[in-house]
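Please look over the model below before reading my notes.

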Amino acid sequence: MPGAHRTRLERLSGQMSDNGPVQIRCPVLNVRRVDAYYAITVVAPGIAERFRSGQFVSVAVGGEHSSTLLRRPFAVHDVKPDYGGTVEFLFSVRGVGTAWLAERRSRDLLDVVGPLGRPFPLPRDPVNCVLVGGGSGGAPLFPLAQSLRRRGCRVDFVLGAASADRVFSAITARRIAETARFTTDDGSFGTRGRVTDVLGRVIEEARSDAVYACGPMPMLRAVTQVAGNHGIPVQVAVEETMACGIGICMTCVIPVVGEDGVTRMVRSCVDGPVFRGEQVRFDDVGTIPFDALGAPGWKGSSAARATEPTRDIA
Amino acid sequence: MNERRHVNADLRTRLGPLRLPNPVVTAAGCAGSGRELARFFDVAEIGAVTTKSVMLEPRAGRPAPRMAETPSGMLSTTGLQGPGVEVFLQRDLPWLLSRGARAIVSIAGATVGEFGELARQVSAAEGVDAIEVNLSCPDPADPSGRHFADDPAQAAAVVRTVRSHARSNVPVLAKLAVDVPDVVKLAEACVGARADGLTMINTLRGMSVDARTLRPAVAGGMGGLSGPAIRPLAVGCVYRVHEALPEVPIVGVGGVRSGTDVLEFMAAGASAVGVGTTNFADPSACTRVLREFTEVLEARGVARVSEIVGAAHRTGA
């Protein structure tokens, strides 16, 4: 098991952070339906103890001889100290992999890697935060809300989805947050419309100092715009498809502007999934912007190359 | 009862002048430069890390979507995204060597001249164990976008240039694409151009169409097919090339998932075996595969790994 290598590896690498991922075969504690979603809780102390909100896990599907090779990435919805540490993630059935997961039962073993990715940065001071989730993108906002509350932050929720059964954990959101607003495309729950239709007013009423958001790319783009209009910072967690989740396959890249003003194609899995909203070039997602480092015809300075991020991925 | 004579099999293997402590290496493009996988296992424990193909300049690669899952495999098209050779030599290679790993550096040129320049710079760096030449790059001189590997003469020109620009004590491996008319001819052309060994196979060009949009599932249409789906094809190519060129060392690559798969490639004629797409699915795959392979050898009572190289040729009907 990779866990067994950790101590020695950490000694080998002084830079390695404490919350590097582990790969564990974890027993399933339970599988339950939550509205339109499934929730699986696994017993995974090694992952639970390292986890920080915003990070995700990747789960192998289909068993050892599966013909679906690639892991499925899921945001962590909840971490509890029970049984030494449990981790819960949510998903909807969208293909053979998630259908297989939905059929898991208590005590089955799952091969889980985590925690992966960069967590949400937390404010130093007890400021007012509004958390915006779209569909299953609401999941990682719940452990974030708990962390923010522990720091004395005010938390307000705005959760949106296509319909009532896809709005995420509305009751929990009401319990944790000062206020919780809901929107649905069909008007079956809360306000008919998009999260951004109500976000501006929530920011004003709650005197929010910061926005955290997770959901589909168009929603993150619109939320970033609203936060910008109010002059407050926004952290977004992207939901890109990925093959490996650990930074080697290079398939989950999006264009992001660095501190030095240079756009790079960065990996959502290890450089994200959390980014500062204004640094993501939402309009150019799915393309290689002409001015991105290494784009066709790119003639950047060697200075830009030299400032290629050297930060450790762990 | 037979006494178990071999408790520990001798795993050491050779690729021409290159000596490796065991035959399990990473496949190029499936392990970055080792740093990401080092969070899951000690990269010095495996035979070598083959690094992602490096180009002369930084490269942003292809637009998304870059990947589609296929039966027992995946299609991908990253477009050789990478930091360029300067950053690779300053940042990535020293890191890998500082971990005590052996480094096979894959290079990808846009032109024959670029291959030569890359070979010069990479082989001048201290500690590079071998250069692997990625021949599956589009040849800019060819308007149809063919790869260097599609024409044995062009492939040979690249290998010859690399060999003449690389330091003479750094072995050169030619990585072959096998969706070509005659893989044995391609192999012979590369060996004739003084490649020290061959790595095979690269991904196969394929397509997957999104059933909802009726558009190709990856940007640009074609992607490289990898994973266990291509393994029998890869083993067959290794077998045929080993048969034609029994003295030429081969790194077998293609859908390796278990220790038994390593055995299969070696029996077909490989002296080392690369783990590729499986790293995406199982980040500790390399050490698991090595452990399983060792167990398989010991269960068979094999004393030296070299004994099984090409065994399928000797025991065949």
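Is the crossing of α3(B) and α4(B) left-handed or right-handed?

1. The crossing of α3(B) and α4(B) is right-handed; that is, the near helix is turned clockwise from the far one by less than a right angle. This is a predicted model, in which local features need pLDDT of at least 70, side-chain atom pairs count only at pLDDT 80 or more, and totals for chains, interfaces and linings use all residues. Residues are numbered from 1 along each chain as its sequence is written, and chains are lettered from A in the order in which they are written.

2. The axes of α3 (152-165) and α4 (183-192) of chain B come within 8 Å and cross at roughly 30°. Axes are lines fitted to C-alpha atoms over the stretch in contact, with angles from 0 to 180 degrees between N-to-C directions. α3(B) and α4(B) are therefore roughly parallel (angles under 35 degrees). Helices are DSSP runs of H or I, at least four residues.

3. From α3(B), the contact (C-beta atoms, placed from the backbone, within 7 Å) includes P152(B) and V159(B). Among the α4(B) partners are K185(B) and L186(B). The contact residues divide into eight nonpolar (Ala, Val, Leu, Ile, Met, Phe, Trp, Tyr, Cys, Pro), one polar (the others, Gly among them) and one charged (Asp, Glu, Lys, Arg).

4. Chain A averages a pLDDT (the predictor's confidence in each residue, from 0 to 100) of 89. Confidence is lowest in helix α1 (residues 2-12) of chain A, at a mean of 36. Over residues 1-17 of chain A the pLDDT is below 50. Where pLDDT is low, the predicted coordinates should not be read in detail.

Terms used: Helix = DSSP H or I, 4+ residues; strand = E, 2+ residues; numbered from the N terminus. Contact = placed C-beta atoms within 7 Å. Parallel < 35°, antiparallel > 145°, perpendicular 65-115°, else oblique.
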